[in-house]
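Here is a short briefing on a protein chain. Keep the sequence and the model at hand while reading.

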Amino acid sequence: MKEIEFNLIDEKWISVIDKDCNVTELSLSEVFRNAQNYSDLCGEIPPQDIAVMRILLAVLHTVIARYGDDGQRCDAETADDMIDRWKAIWDRGAFPSEAVNDYLDSVHGRFWLFHPIHPFMQEPLAKYGTKYAASKLNGELSESSNKSRLFSMLSGKDKNALTMAQAARWLLYVNAFDDTSAKPSSLSRKRKIKYGSPGAGWLGKLGLITLKGENLFETLMLNTALWTGYEETAAEQLPSWEKDRYIPKEDDVCIERTERVKTAQPDNLAALYTLRSRCILLERNEDGITGYSLLGGEFFDRENAFIEPMTVWRDSGNKKQDIYTPKRHDRSKQFWREFASVYPQTDAFHRRPGIISWFAFLKAEGFIPSRYMLNTKICSVQYGDKDFFITDVFSDSLSMSGDIILGMALPWQKCIEQAVELTEQIADIVGRLAREIFIAEGGDAESAPEIIKKAKSEYYFDIDSKFRKWLTEIDPSSEKPAEGKHAWEDIAVRTAKSLGRKIVNKAGTNAIIGRTVIVNDRPVRYSAAKAENNFYRKMGNIKQREV
């Protein structure tokens, strides 16, 4: 094995998919040279693609900040300069190969996956950290050393060793989404150094949201957010691979400079996108990458970290201070049910995700075609108790007219928010129907919440594709919001009535006969017929109500 090996600029490791649905691997330089010929990134899981994308975006932000339209080195002085360069690249339809190659050549030595001093996105001092096998590095398994999965997706060599290309992708994923299970290093324990927990990896703390273009070039460009509504992107970009790292002497380990380092919030996106949330060092033998060692890494306060454009925000509720924190996605809710928090009616300060404000800016400035669709993707990693282990990953997407988020379309934004609220009200009515029939059949009140949850989930499943279709077909320039709202009311009510009939038809003999239950010291009669009457009465009232 070579001491210096596998340079990510030259070697194939980024998984992409072409327009014919063929998956292949490209080097970093090949991605920028041919991005317009590929549909999207296509790694093992969606969160991994986000981690890889942010490395690509760090390169792109840096190139735009340092190279002019002619490909010559010319540092941008203002955010406006960078926006002008963005527009020139977008109009060209391909990345400036001369500028990209020039930059990658200048940092070529920092992209070796294996290097004694500067291994890419790794830290040699991590050898003192917690040891993990390859099955933990592989995010499809995320398997700890002391607890094997009962039904593993991989076995044998595929489970115990990874190729260098696979390891490079999973390295970025672990850095971004790692759980909190790592212990302090043996040196820290010996020296009795106490650290605060860095929490989950930075991306694991976010409600991630990105934009999707018609090809990989457009996707990368749309996510190169140079203006987010909060502050302009800094003209100076400094990715972490350009920073000088502390190199200890043989008798000076200085683990405290590396293990868990709280830093100031990054002031440029290249630094943010290359944040080392974890200090990792890959381990290998003749079979491949067999595992890694891990220390805590860098972290910063997430409150009001508005430099981050790819997240949904939540108000902390602090009446004395405006404090906002990233809001994780709820895997139990379809993405469109978060419309009000992702695409708010106004571009109010700290409400809208920065990436959405950037798209609205591009539309308002006429940088992208007037009828360009807003295709939004979310993904998230779900953690167990105190983020100590990863339980699942999930993703979703949503498409609509890009004009919907512009100021002139505020009535349509209100209409869509009302449609979501109406749908949630109807789901509650369906849940109540299921509850009343369940109790009429002899069920107990303690089990009723699960019945309600199941019925509501079934309704959301039935309505999901219909809402997405309704949203996609909205044309803010030619339709009236009132008509759109009434059209959705009809769809939502019809769907609920159809499900309601199924629930009633499944009712057993006991529910048809009914029974009397004492509630708050008063007798209450439950039966399938009474539950059905209540259901249709409430459904009739909901159409007469202004949401």
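## Helix pair α15 and α17

Val-493, Ala-496, Lys-497, Gly-500, Arg-501 and Val-504 in α15 meet Glu-532, Phe-535, Tyr-536, Met-539 and Ile-542 in α17. Contact here means heavy atoms within 4.5 Å. The model is predicted: local features need pLDDT of at least 70, side-chain atom pairs count only at pLDDT 80 or more, and totals for chains, interfaces and linings use all residues. Residues are numbered from 1 along each chain as its sequence is written, and side-chain values use heavy atoms, with hydrogens and water left out.

- Helix α15 covers residues 481-505 and helix α17 covers residues 528-542; their axes come within 11 Å and cross at roughly 180°.
- Axes are lines fitted to C-alpha atoms, for helices over the stretch in contact, and angles run from 0 to 180 degrees between N-to-C directions.
- α15 and α17 are therefore roughly antiparallel to each other (angles under 35 degrees count as roughly parallel, over 145 as roughly antiparallel, 65 to 115 as roughly perpendicular and the rest as oblique).
- Helices (H or I, at least four residues) and strands (E, at least two) are DSSP runs, numbered from the N terminus.

## Sheet β6-β10-β9

- Three strands make an open sheet in the order β6-β10-β9, with antiparallel pairing. Two strands pair if DSSP finds at least two bridges between them.
- The edges are β6 (130-133) and β9 (279-285), and each pairs on one side only.
- On average, neighbouring strands of this sheet are turned by 25° against each other, direction ignored.
- β6 and β10 (residues 288-295) run antiparallel and are joined by 4 bridges.
- Thr-130 stands opposite Leu-294 in β10.

## Helix α7 on that sheet

- Helix α7 (residues 164-177) lies across β9 and β10 and runs at about 160° to β9.
- α7 has 14 residues and reaches 20 Å from its first C-alpha to its last, close to the 20 Å expected at 1.5 Å a residue. The expected span is 1.5 Å times one less than the number of residues.
- Of the 14 residues of α7, 12 are buried, so the helix is largely enclosed by the rest of the structure. Buried means under 20% relative accessible area, exposed over 50%, partly exposed in between (1.4 Å probe, protein chains only).
- The buried residues of α7 include Arg-169, Trp-170, Tyr-173, Asn-175 and Phe-177.

## Sheet β7-β14-β15

- This is an open sheet of 3 strands in the order β7-β14-β15, and the pairing is antiparallel.
- β7 (208-211) and β15 are the edge strands with a single partner each, so one side of each has no neighbour in the sheet.
- Neighbouring strands here are turned by 20° against each other on average, direction ignored.
- β7 pairs with β14 (residues 373-383) in the antiparallel sense over 4 bridges.
- Thr-210 has Lys-377 in β14 as its bridge partner.
- Helix α2 (residues 46-66) packs on the sheet and touches β7, β14 and β15; its direction makes about 110° with that of β14.
- Helix α12 (residues 354-364) lies across β7 and β14, at about 20° to β7.

## Salt bridges

- The whole structure holds 22 salt bridges. A salt bridge is a side-chain nitrogen of Lys or Arg within 4 Å of a carboxyl oxygen of Asp or Glu.
- Lys-262 bridges to Asp-301, with the closest N and O atoms 3.0 Å apart. The pair links distant parts of the chain, 39 residues apart: Lys-262 is in strand β8 (residues 260-262), and Asp-301 is in the loop between β11 (297-299) and β12 (313-315).
- Lys-262 is exposed at 51% relative accessible area, while Asp-301 is partly exposed at 39%.
- Arg-468 and Asp-396 meet through their side chains in a salt bridge (3.0 Å, N to O). Arg-468 lies in helix α14 (residues 448-472) and Asp-396 in strand β15 (residues 390-401), so the pair ties together parts 72 residues apart in sequence.
- Asp-396 is partly exposed, with a relative accessible area of 21%.
- Glu-436 forms a salt bridge with Arg-432, the closest N and O atoms lying 3.0 Å apart. Both residues sit in helix α13 (residues 410-440), 4 residues apart, about one turn of the helix.
- Glu-436 is buried at 7% relative accessible area, whereas Arg-432 is partly exposed at 44%.
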